[in-house]
Amino acid sequence: MASRNGVVFEDFFPAMVDKLGVDGFMKELSKGFNLLRDDDKGAITFESLKKNSALLGLEGMRDDELRLMLREGDLDGDGALNEKEFCVLMFRLSPSLMKDSKELLEEAVVEDYL
């Protein structure tokens, strides 16, 4: 288990990558993004995250904690997470994946060229 901004979570991502492979894991991240996104805006907004936070087991999070999560992943400063920002944030939140990210990237790049 790890703690991030006061939220404790168990990192299942490495086991998911082992089981699903890189492509399967990325598809699961995409499904997670689509679950949380605002359909009209095509991005995860504060409102869509708050509405769907129970799906992540985060129903008890305060508004300021949800906003902090969005800010941490919002690379372009628009106040929402697009799918790329969401995936980057998910990798950053997984210490094991960050450690193994170079190998995962190389595997994904090699598969694209085969």
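1. Let's start with Phe86: beyond its neighbours within four places in sequence, phenylalanine 86 is in contact with Leu29, Gly32, Phe33, Leu36, Ile44 and Leu81 (contact means heavy atoms within 4.5 Å). Phenylalanine 86 is buried, at a relative accessible area of 6%; buried means under 20% relative accessible area, exposed over 50%, and partly exposed in between, with a 1.4 Å probe and protein chains only.

2. Some ground rules. This is a predicted model, where local features need pLDDT of at least 70 and side-chain atom pairs count only at pLDDT 80 or more, while totals for chains, interfaces and linings use all residues. Residues are numbered from 1 along each chain as its sequence is written, and side-chain values use heavy atoms, with hydrogens and water left out.

3. On the overall layout, the chain has five helices and two strands, running β-β-α-α-α-α-α from the N terminus. These are DSSP runs numbered from the N terminus: helices are H or I with at least four residues, strands E with at least two. Of the 114 residues, 34% count as buried. For contacts with a separation of 6 or more, 44% are between residues 24 or more positions apart.

4. Now the core. The largest nonpolar core holds 20 residues, and Phe25, Leu29, Ile44, Leu70, Phe86 and Met90 have the most contacts inside it. Such a core is a set of buried Ala, Val, Leu, Ile, Met, Phe, Trp, Tyr and Cys residues joined through side-chain atoms within 4.5 Å. At least two residues of this core come from each of α1 (13-36), α2 (46-52), α3 (63-73) and α4 (83-92), with α1 giving the largest share, six residues.

5. How many aromatic pairs does a search of the whole structure find? There is one, and pairing requires ring centres of Phe, Tyr or Trp (its six-membered ring) within 6.5 Å, with planes under 30 degrees apart counted as stacked, over 60 as edge-to-face and the rest as tilted. The rings of Phe33 and Phe86 have centres 5.9 Å apart and planes at 50 degrees, so this pair is tilted. Phe33 sits in α1 and Phe86 in α4, so the pair ties together parts 53 residues apart in sequence. Phe33 is buried too, with a relative accessible area of 3%.

6. Back to α4 itself: its buried residues are Glu85, Phe86, Cys87, Leu89, Met90 and Phe91. At the start of this helix, a side-chain oxygen of Asn82 comes within 3.1 Å of the backbone nitrogen of Lys84.

7. Around α3, Asp63 is partly exposed at 29% relative accessible area. Leaving out residues up to four places away in sequence, Asp63 touches Phe46 and Lys50. The side chains of Asp63 and Lys50 are joined by a polar contact of 2.6 Å; that term covers a pair of N or O atoms within 3.5 Å, where within protein one must be able to donate a hydrogen and the other to accept it, and residues adjacent in sequence count only if both atoms are side-chain atoms. Phe46 also has Arg67 over its face, 3.9 Å from the ring centre (the cut-offs are NZ of Lys or CZ of Arg within 6 Å of the ring centre and within 35 degrees of the ring normal).

8. A polar atom of the Ser53 side chain lies 3.2 Å from the backbone oxygen of Lys50. Not counting residues up to four places away in sequence, Ser53 touches Leu58, Glu59 and Leu66.
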